[in-house]
Amino acid sequence: LDCLEQALAIARRTGNRTGEQTALTGLGYIHRVQGRHEPALDCYEQALAIARHIGNRTGEQHVLTALGWVHYLQGRYGPALDCLEQALAIARQIGDRNYQFEAHQGLGRINHAIGHHDKALDHHDTALALADDLDQPQDQARAHDGLAHTHHTLGNTNRARRHWHTALRLLTTFHSHTTDEPDLTTTTIRTHLSALDSLRN
């Protein structure tokens, strides 16, 4: 936090808008992971305005994705959908498949939260296909977890179990016991699987 605040001050003093946007995005991330959602939104909104002003499309999609996750965490699903749909459109335009994954994964989570389960499955399926093509095990685990949650809600217990087992295997095989996604760890996956096993017994 201290380093980024120093960087932000220098960028503003020297008129480096790209540096200002980068520092604000970093500050937003730190606030977000520490649960300070309002300061995170403030930093991200400033960063988004700069990215649009200077025409930084990569930075714009990055900040829109981050904004979408913060709105999602706060239960503001309408703004979250809007941000991630904009991010997906930009990612497609510039051919950034990593951010296409991030957008689809986020849209899957939001549609699950608002009860649009068919859309959630479609987005998570697309996210999984992208993660497979990119050969990114942690992102594959995230997509499997999203699919598991939606199948579980729909009563597809066996499918949910298979997706959670796959997510757990991916994370443990690659020694990645946590992800950047909120509430997704090997511990939470094991908890979900234990709950399913207790129902079966």
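Tutor: Let us begin with a definition: a residue is called buried when its relative accessible area is under 20%, exposed when that area is over 50%, and partly exposed in between, with a 1.4 Å probe and protein chains only. What you see is a predicted model, in which local features need pLDDT of at least 70 and side-chain atom pairs count only at pLDDT 80 or more, while totals for chains, interfaces and linings use all residues. Residues are numbered from 1 along each chain as its sequence is written, and side-chain values use heavy atoms, with hydrogens and water left out.

Student: Is D133 buried or exposed?

Tutor: D133 has a relative accessible area of 54% and is exposed, whereas R97, with 34%, is partly exposed.

Student: How many salt bridges does the count come to?

Tutor: Side chains of opposite charge can pair when their charged atoms come close. The rule used here asks for a side-chain nitrogen of Lys or Arg within 4 Å of a carboxyl oxygen of Asp or Glu, and by this rule there are 10 salt bridges. One of them joins R97 to D133, with 3.2 Å between the closest N and O atoms. R97 lies in helix 6 (residues 97-113) and D133 in helix 7 (residues 117-134), so this pair ties together parts that are 36 residues apart in sequence. Helices here are DSSP runs of H or I with at least four residues, numbered from the N terminus.

Student: Which side chain meets that of D145 in a salt bridge?

Tutor: It is the side chain of R109, at 2.6 Å from N to O. This pair, too, links distant parts of the chain, since D145 is in helix 8 (residues 137-153) and R109 in helix 6, 36 residues apart. Both D145 and R109 are buried.

Student: Where do D139 and R142 lie?

Tutor: Both are in helix 8, three residues apart, which is about one turn of the helix.

Student: Which residues does E102 touch?

Tutor: Contact means heavy atoms within 4.5 Å. Leaving aside residues up to four places away in sequence, E102 touches T65, W69, L84, D139 and R142. E102 is found in helix 6 and counts as buried, at 18% relative accessibility. The side chains of E102 and R142 are also joined by a polar contact of 3.0 Å, a term for a pair of N or O atoms within 3.5 Å where, within protein, one must be able to donate a hydrogen and the other to accept it, and where residues adjacent in sequence count only if both atoms are side-chain atoms.

Student: How many aromatic pairs does a search of the whole structure find?

Tutor: A pair of aromatic rings is described by the distance of the centres and the angle of the planes. Rings of Phe, Tyr and Trp (its six-membered ring) pair if their centres lie within 6.5 Å, and planes under 30 degrees apart count as stacked, over 60 as edge-to-face and the rest as tilted. The search finds two such pairs. W69 and Y72 have ring centres 5.5 Å apart and planes at 85 degrees, so they are edge-to-face. These two residues are three residues apart in helix 4 (residues 57-73), about one helical turn; W69 is buried at 6% relative accessibility, whereas Y72 is partly exposed at 21%. Y72 and Y77 form a tilted pair, 6.1 Å centre to centre with 50 degrees between the planes, and Y77 is partly exposed at 28%. Together, W69, Y72 and Y77 form one aromatic cluster.
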